[in-house]
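Morning, everyone. Please have a look at the sequence and the model on the screen.

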Amino acid sequence: MIKSFNYYQPTRIIFGVGRRKELGIWAKRFGKKVLVVVDPNVEKFLSQQCQEMLDSLHSECIETIVFDHVIPNPTLDSIQEGAEVAKKEKVDFVIGIGGGSAIDTAKAIAVAATHEGTAWDYLYFKKEPTEKTLPIIGVPTTAGTGTQTSRVSVLTNTEEKCKSAIASDNIICKVAIVDPELTLTVPPAVTASTGFDVFTHCFESYINVNNQPYVDMLALEAIEIVIKYLKKAYDNPGDLVARTKMAWADTLAGCCLANVGTTIPHALGQAIGGHFPHVSHGQSLAVVYPAFLDYTVDWAIERFAKVARIFNPELEKVSDKEAAYALKQEIVSFLKSINLYYTMEDFGIKKEDVKDLVKHAIEFPDNRVNPRIPDEKDLEELYLKSFRD
């Protein structure tokens with residue numbers, strides 16, 4: 001029998017090659033003045049495409065204020081700077097153009113510009129931002145975070161060495177312009193890191209104790225796409241077919257996040273990112289995944305087996321338990337094929353850092369929706385098993 005569930009996805013998804021040129025058409029319903037939050041690397045490597053989007057906005061008589069102080073793992077300080085610009089200019093809405101950092105920055109600015117205090121006051125375990133939040137449009141230039149269709153904005157408080165998130169239906173993008181051409185200049189290392197993030201969002205939503213039939217369908221389709229097309233996009237960045245497939249998988253992954261969500265690896269990874277900002281989100285996930293798979297497999301045999309058989313159809317010939325146990329090696333091989341297989345030492349993380357990481361990681365609700373729920377000792381072991389020795 002199908003269990004009861006809710007599914008909510010209010011984002012208008014504008015998907016396809018060249019759709020960036022329609023930005024103004026979809027934006028005009030939100031006002032006449034916009035803060036365009038753009039990653040400086042996007043301005044550099046996609047200058048023509050950025051100008052096309054600005055021209056599209058101008059053609060609809062929309063005044064644009066450009067904020068390009070976006071940084072990887074966006075900080076509270078950079079978000080507050082953008083919010084002050086938004087308030088000073090009295091913008092009607094916000095557009096985020098770039099990877100997850102740019103769109104998450106835009107989401108947090110939309111909150112901070114319309115609420116008392118700072119964005120940090122509206123983390124998922126504090127106050128929820130209200131409907132005063134400025135409307136947001138997301139234009140992703142990577143296939144990774146799914147933030148253009150999710151209800152989350154991740155930010156870092158550098159003073160506290162803490163990475164956390166706002167989570168609310170009020171920060172879901174009103175419109176997502178998903179144009180695969182915008183991902184063609186993404187370098188292989190970033191393609192790998194963000195692409196693996198797509199896989200993790202879907203896999204963790206699929207095994208999450210709150211899994212549901214609608215999200216299962218989206219997650220399995222996206223997982224199949226990542227397995228088939230991420231390596232192709234990594235090997236040949238100009239492969240528009242592979243890029244288009246990955247952009248679609250990323251969009252599906254955001255829908256999975258919005259309705260179910262992640263488990264232990266994201267708690268572990270967010271703690272790593274908070275303490276070691278030079279580690280990208282995808283890298284922080286890759287480093288803990290093998291240990292996480294070992295820890296969880298016996299609590300989710302059937303679902304592990306299902307995904308293992310997508311990687312390797314030959315596993316149809318063996319039992320569910322054998323297939324489930326094979327998933328770790330399939331994922332490790334996949335990570336190695338895109339040069340994303342790491343241990344903690346590769347990022348300068350020491351065993352004496354683990355205690356502080358655990359204190360941060362245990363706070364995340366992601367742990368409580370894993371098939372096997374960890375305590376602090378378990379999280380410590382997962383970190384320690386992610387070292388070479």
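Where does C61 lie? In the loop between helix 3, residues 47-59, and strand 3, residues 63-67. Keep in mind that this is a predicted model. Now the backbone. C61 is not a glycine, yet its phi is positive, about 60°. Is C61 buried or exposed? Its relative accessible area is 60%, and the cut-off for exposed is over 50%. So C61 counts as exposed.

Next, K90. This residue sits in the loop between helix 4, residues 76-89, and strand 4, residues 93-98. Phi of K90 is near 55°. That is a positive value, and K90 is a residue other than glycine. What about accessibility? K90 has a relative accessible area of 66%, so it is exposed.

Find helix 6, residues 188-207. S193 is in that helix. Is S193 buried or exposed? Its relative accessibility is 8%, and buried means under 20%, so S193 counts as buried.

Which residues is S193 in contact with, if we leave aside its neighbours within four places in sequence? They are S280, G282, Q283 and L340. Stay with S280 for a moment. The side chain of S193 makes a polar contact with the side chain of S280, at 3.0 Å.

Let me recap. C61 and K90 each lie in a loop between a helix and a strand. Both have a positive phi. S193 belongs to helix 6, and S193 is buried.

Notes. Residues numbered from 1 in each chain as written. Predicted model: local features only at pLDDT ≥ 70, side-chain atom pairs only at ≥ 80, totals over all residues. Heavy atoms only, no water. Helix = DSSP H or I, 4+ residues; strand = E, 2+ residues; numbered from the N terminus. Buried < 20%, exposed > 50% of the residue type's maximum accessible area, 1.4 Å probe, protein only. Polar contact = N/O pair within 3.5 Å; in protein donor to acceptor, adjacent residues only side chain to side chain. Contact = heavy atoms within 4.5 Å.
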